[in-house]
Amino acid sequence: MSEWLLIAFTMAVQGSIGLVLMSALYIYWFKHKLNTWHNSMTIIVQRTLLVSNVLAGIKLVASLNILEYPLNVYHSFRHVMPEWVNTETTFAAIYFGLLVLYTIFIVIIKQVHAYILLGIGIIGLISLHYMAIIYVNSEMVTWTNINTYFLFYSAVFTLGPALALSFIGCPLRKHIQGPLPIKLVMTALLVVFISITVRLIEHPAYMGWLAEAITVNDNAIFPHQVELNIKSAFGLRMVSWCLYIIAMTVWTYALWKEKYSLSLHNNYSILLGAIFMFIAELANQYTFFAMCNI
């Protein structure tokens, strides 16, 4: 199904940017809270950035082919201004190029700089902004709302913390002592909580706008049986909210279980919470993209 391709490359870039931003924060804390920086830490960061590179590469390939792809779902982008597409592709290429170069730099120099990663992440957010503009100005009415911006940016701050805990927080448990491990999880929880809360506050306004758009736009592009799809999407969104809550509950349990260090048992809890977070985000984005392809 064509909507799965949209979901895949959209979540890929959101996860990549979120992972880079959270990595920058975690590395900053590691350098300022720990007395020593082990070589194994550098290796873990290299692996994490490699994951980010792969995800960003997937998005760049999709950006280069978005207007030529043969599946019908891409026809919604036919009348989007070429300037926006070119700008988004340019920033996506810059983001990917800088990420690759800095990863190579880390492999050679064996040093990590949080501020450089932060700068690369900001460029990624700019690329994501132009990507959202493309969707908002497409022919698909269900995308032409400010909800698209909320969806795109909030996903960065749900997938990012989940990936950062999975690829950095858990593997580094052997090298972190004191209150720092609990701080990593608490920060991830706070970022995710704010992201989901903002999206929940905005969601009723989007549903109200969508209901009104259905009644006043006779010539607009909607999925077939749009009212049925909107009702089904609402139910699936409720499932995704519940999964978000379950994920945060699992992380909270890990904090409660181990107060000062991340034991192996709690790593399983954190990874389980990350899996729930990913499934929740996947369900939420499916409700957004599937409405264009029935």
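The protein has eight helices and zero strands, where helices (H or I, at least four residues) and strands (E, at least two) are DSSP runs numbered from the N terminus. Read from the N terminus, the order of elements is α-α-α-α-α-α-α-α. This is a predicted model, in which local features need pLDDT of at least 70 and side-chain atom pairs count only at pLDDT 80 or more, while totals for chains, interfaces and linings use all residues. Residues are numbered from 1 along each chain as its sequence is written, and side-chain values use heavy atoms, with hydrogens and water left out.

Next, the totals. The protein has 294 residues, and 52% of them count as buried; buried means under 20% relative accessible area, exposed means over 50%, and partly exposed is in between, with a 1.4 Å probe and protein chains only. The accessible surface is about 13,400 Å², and carbon and sulfur atoms hold 69% of that. Those areas come from the Shrake-Rupley method with a 1.4 Å probe, and for residues only the protein chains shown count as cover. As for contacts (heavy atoms within 4.5 Å), take those with a separation of 6 or more: 84% of them are between residues 24 or more positions apart.

Now salt bridges. In general, side chains of opposite charge can pair when their charged atoms come close. The criterion here is a side-chain nitrogen of Lys or Arg within 4 Å of a carboxyl oxygen of Asp or Glu. By that rule there are two salt bridges. One is between lysine 59 and glutamate 88, at 2.4 Å from N to O. Lysine 59 belongs to helix H2 (residues 39-65) and glutamate 88 to helix H3, so this bridge ties together parts that are 29 residues apart in sequence. Both lysine 59 and glutamate 88 are buried.

The other bridge joins glutamate 281 to arginine 199, with the closest N and O atoms 3.2 Å apart. Here the link runs between distant parts of the chain, from glutamate 281 in helix H8 to arginine 199 in helix H6 (residues 180-216), 82 residues apart. How buried are they? Glutamate 281 has a relative accessible area of 0% and is buried; arginine 199 has 4% and is buried.

Staying in helix H8 (residues 264-289), we find glutamine 285. Its relative accessible area is 0%, so glutamine 285 is buried. Not counting residues up to four places away in sequence, glutamine 285 touches Ile7, Thr10, Met11, Gln14, Leu151 and Ala155.

Alanine 164 is in helix H5 (residues 147-169). Leaving aside neighbours within four places in sequence, its contacts are Leu19, Met22, Tyr26 and Gly169. Alanine 164 and leucine 184 are 20 residues apart in sequence and 9.2 Å apart in space, C-alpha to C-alpha.

On to the aromatic rings. Rings of Phe, Tyr and Trp (its six-membered ring) pair if their centres lie within 6.5 Å; planes under 30 degrees apart count as stacked, over 60 as edge-to-face and the rest as tilted. The whole structure has 14 aromatic pairs. Phenylalanine 91 and tyrosine 130 have ring centres 5.7 Å apart and planes at 10°, so they are stacked. This pair, too, links distant parts of the chain: phenylalanine 91 is in helix H3 and tyrosine 130 in helix H4 (residues 114-136), 39 residues apart. Phenylalanine 91 is partly exposed at 23% relative accessibility, and tyrosine 130 is partly exposed at 24%.

Which way do the rings of tyrosine 135 and tryptophan 143 meet? Their centres are 5.0 Å apart and their planes at 65°, so the pair is edge-to-face. Tyrosine 135 is buried at 1%, and tryptophan 143 is buried at 0%. Tyr135 and Trp143 belong to one aromatic cluster together with Phe152, Phe288 and Phe289.

Last, the surface. Ile94, Leu98, Leu101, Ile104, Phe105, Val107, Ile108 and Ile109 make up a nonpolar patch with about 690 Å² of accessible area together. Patches are made of residues with over 30% relative accessible area and no salt bridge; like charges are joined within 9 Å, and nonpolar side chains (Val, Leu, Ile, Met, Phe, Trp, Tyr) within 5 Å. Leucine 98, one of the patch residues, is in helix H3 (residues 82-109) and is partly exposed, at 34% relative accessibility.
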